[in-house]
Amino acid sequence: MHVTVLSTGGTIASTGGDDGASPTKRGSDLVSAVPELADYADIDVDQVAQIPSFEMDTATLESIGDRVRELDGDASVDAVVITHGTDTIEETAYYLDVAIRPATPVFLTGAQRRPDEYSPDGPSNLLTAFRAADAFDTHGHGGVFVAFNEAVHAARRVTKTHTSKLETFRSAGTGPVATVDRNGVAIHRTPRSESTHLPATSLAAAVYTVTSASGVTGELLEAAVERDADGLVVEGTGLGNTTKALGTAIRDAIGEGVPVVVTSRCLEGRTAPVYGGVGGGERLREYGAIFAGDLPAQKARIKLTLALAAFDDEAAIRRVFAN
């Protein structure tokens, strides 16, 4: 098996310093620190970025996508492993799954503890990615996954749930695609893309996110519209509800032709237009809001951004979120 490792920085590559921790180790350093990786594959390493993932911008994300697309077209590459910071790893994974939809399996991994801290988890997570790549090789379905803490999650489902614990990543409602232990890789469902593919890679559209909470007004959403927002994502409460003031702003934004996608702050469950009132989900639906199902706000933002690049009409964008 031949694996290409794309290194982007993150905690897995960071060490402490006077100005705080920052990525100092290269991808080649990470690979050489885990000699067992050579038992599973021949390895190439590309350094495509060197940043903490909370600094991930659209240009870097698109460049990672370009590199994955190139590798996906290389018949000699059996899998791609991307080392990445955990803060936005799920967004990069989802972007790659939706926009690139690689036939070659792609595994993102990282660490919660730096290499210079006690019991760093980066080496184990990197080994998990390689073991999963080896096990998935016979399935031939491709897709993008996050390999972490001896579990492998589909990009569509995975989210970070704890700031520091090693078991931070969960796939609410479905569980991981596979788990890894001393006996090998246990595959729980067919490893493949679980996302809706969109024929676009550009993240140029201006899409803003606003979260509803007690007392939130519509000012931020109104300001986004004034700045010529191409789309809006509203992270609502419960089933997808907002304050009265925010509901009014949503109504006005949709009236001006700006698509608004409604998600929920809840970790599990789907949005549903049930409640009346100015900011209730049923009223938002009447205004023309699009409900995102169980897709969290950070992924709905990527999906809406790509949908705006792919389609010119509101009906097509609405259909994207029906899947």
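Started with salt bridges: I get 15 of them in this predicted model. I picked out one, where the side chains of Glu-194 and Arg-157 meet at 3.8 Å, N to O. I then checked where the two partners sit, and the pair links distant parts of the chain, 37 residues apart. Glu-194 is in the loop between strand S12 (184-187) and strand S13 (207-211), while Arg-157 is in the loop between strand S8 (151-154) and S9.

Next, the largest pocket. I find about 370 Å³ of space in it. Its lining runs to 22 residues, and those nearest the centre are Cys-266, Leu-267, Glu-268, Asp-294 and Pro-296. Which element gives the most to this lining? I make it H8, with three residues. Strand S9 (158-160), S15 and helix H8 (297-310) each supply at least two.

Then I looked at the surface. I noted a nonpolar patch formed by Leu-239, Val-274 and Tyr-275, with about 280 Å² of accessible area together. I traced Val-274 to the loop between strand S15 (260-264) and helix H7 (281-287).

Last, I looked up the annotation. UniProt, in an unreviewed entry, puts the domain "Asparaginase/glutaminase C-terminal" at residues 207-321. I checked that span in the model: 42% helix and 16% strand, with its end C-alpha atoms 15 Å apart.

Technical notes:
Residues are numbered from 1 along each chain as its sequence is written. This is a predicted model: local features need pLDDT of at least 70, side-chain atom pairs count only at pLDDT 80 or more; totals for chains, interfaces and linings use all residues. Side-chain values use heavy atoms; hydrogens and water are left out. UniProt positions are given in the numbering used here, feature names are shortened, and annotations may be inferred rather than shown by experiment. Helices (H or I, at least four residues) and strands (E, at least two) are DSSP runs, numbered from the N terminus. Patches are made of residues with over 30% relative accessible area and no salt bridge: like charges are joined within 9 Å, nonpolar side chains (Val, Leu, Ile, Met, Phe, Trp, Tyr) within 5 Å. Accessible areas come from the Shrake-Rupley method with a 1.4 Å probe; for residues, only the protein chains shown count as cover. A salt bridge is a side-chain nitrogen of Lys or Arg within 4 Å of a carboxyl oxygen of Asp or Glu. On a 1 Å grid over the protein atoms alone, a cavity is a set of points where a 1.4 Å probe fits but cannot get out, and a pocket is an open set with protein on both sides within 12 Å along at least five of seven lines; lining residues have an atom within 4 Å of a point. Grid points are joined across faces, edges and corners, and a volume is the space filled by probe spheres set on the points.
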